[in-house]
Amino acid sequence: MLRWFALPFTFAATFALAWPLVAPLGALAAVTVATLVLAAALLVVEQRWPNRPDWKPADRLLTEDLLHGVLGFLPGNVGGSVLAALLFSSVGARSDLWPHGWPAALQVALGLVLFEFGSYWQHRLVHEVPWLWRLHQVHHTPRRLVLLKSTRIHALDLGSAAFVSMAPLCLLGADADTLAWVTLVTNVNALV
Ligand SMILES: [Zn+2]
């Protein structure tokens, strides 16, 4: 029973944390804080109640994962998103094709569909094109599925994924709040 509610509870708790922070901090900072708190909480939960007893990360592997996070995950994730925003936000502002009049939840839903469309094709390409697979295969080396294993990804791999996922939203002129909430949903999904 607990397993059925774990995912919706995690989404609800993370959004409940981020929501009151939007007014004082802005959407992007609120989403960043909520994501970091969720990651820290999941690390604690994972240590306390691992899915399998032998999946607790060893110290050496933990250091490797942290290095992957600093050298690959963070620069790739932030770099790809920021590059898409820098290149395409002004185009989006001029085209203004985004349905700003829609309710916020529907705008986020549309953003997620577009985001996942880019994400799907990037992921499919890195699996099917041999030289891209060489870049991506490090992401599939872990044998134990613990949270920090998600950091095992090449910066160019994650950077291109973030770029092609965010580019359509920026090109259409989605506002910063929508981009932030789409990012939070995808962050929770990725962490869990
Ligand atoms: Zn893959």
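In which helix is G118 found? G118 is found in helix α4, where helices (H or I, at least four residues) and strands (E, at least two) are DSSP runs numbered from the N terminus.

The structure is a predicted model, in which local features need pLDDT of at least 70, side-chain atom pairs count only at pLDDT 80 or more, and totals for chains, interfaces and linings use all residues. Residues are numbered from 1 along each chain as its sequence is written.

**Domains**

The protein is divided into domain 1, residues 1–49, and domain 2, residues 58–178; these bounds come from an automatic or database domain assignment. Taken over C-alpha atoms, the centres of the two domains are 19 Å apart. Contact between them involves five residues of domain 1 and four residues of domain 2, two residues being in contact if their C-beta atoms, placed from the backbone, lie within 7 Å. On the side of domain 1 that touches domain 2, four residues are nonpolar, none is polar and one is charged. In this classification Ala, Val, Leu, Ile, Met, Phe, Trp, Tyr, Cys and Pro count as nonpolar, Asp, Glu, Lys and Arg as charged, and the others, Gly among them, as polar.

**Packing of α4 and α6**

Two packed helices are described by the angle between their axes and the distance between the axes. For helix α4 (residues 104–128) and helix α6 (residues 155–172), the axes come within 8 Å and cross at roughly 145°. Axes are lines fitted to C-alpha atoms, for helices over the stretch in contact, and angles run from 0 to 180 degrees between N-to-C directions. The crossing of α4 and α6 is right-handed; a crossing is left-handed if the near helix is turned anticlockwise from the far one by less than a right angle, and right-handed if clockwise.

From α4, the contact is made by G111, L114, F115, G118, S119, Q122, H123 and V126. The α6 side consists of D157, S160, A161, V164, S165, A167, P168 and L169. By class, this contact has eight nonpolar, seven polar and one charged residues.

Within this contact, G118 touches V164, S165, A167 and P168, leaving aside residues up to four places away in sequence. G118 counts as buried because it has 20 C-beta neighbours inside 10 Å; the burial classes are buried for 20 or more other C-beta atoms within 10 Å, exposed for 12 or fewer, and partly exposed in between, with C-beta atoms placed from the backbone. S165, placed in helix α6, is likewise buried, with 27 other C-beta atoms within 10 Å. With the same exclusion of residues up to four places away in sequence, S165 touches F115, G118 and S119.

**The nonpolar core**

The largest nonpolar core has 28 residues, and those with the most contacts inside it are M166, A167, L169 and C170. Such a core is a set of buried Ala, Val, Leu, Ile, Met, Phe, Trp, Tyr and Cys residues joined through C-beta atoms within 7 Å. Two or more residues each come from α2 (27–48), α3 (59–95), α4, α6 and α7 (176–191). Residues up to four places away in sequence aside, C170 touches A84, A85, F88, S89 and G92.

**Two further positions**

V31 lies in helix α2 and is buried, with 26 other C-beta atoms within 10 Å. Not counting residues up to four places away in sequence, V31 touches A18, A180, T183 and L184. D54, by contrast, is placed in the loop between α2 and α3 and is exposed, with 8 other C-beta atoms within 10 Å.

The C-alpha separations of selected pairs are as follows.

| Residue pair | Separation along the chain | C-alpha distance |
|---|---|---|
| S165 and G118 | 47 residues | 4.4 Å |
| G118 and M166 | 48 residues | 7.8 Å |
| V31 and A105 | 74 residues | 16 Å |
| D54 and G159 | 105 residues | 32 Å |
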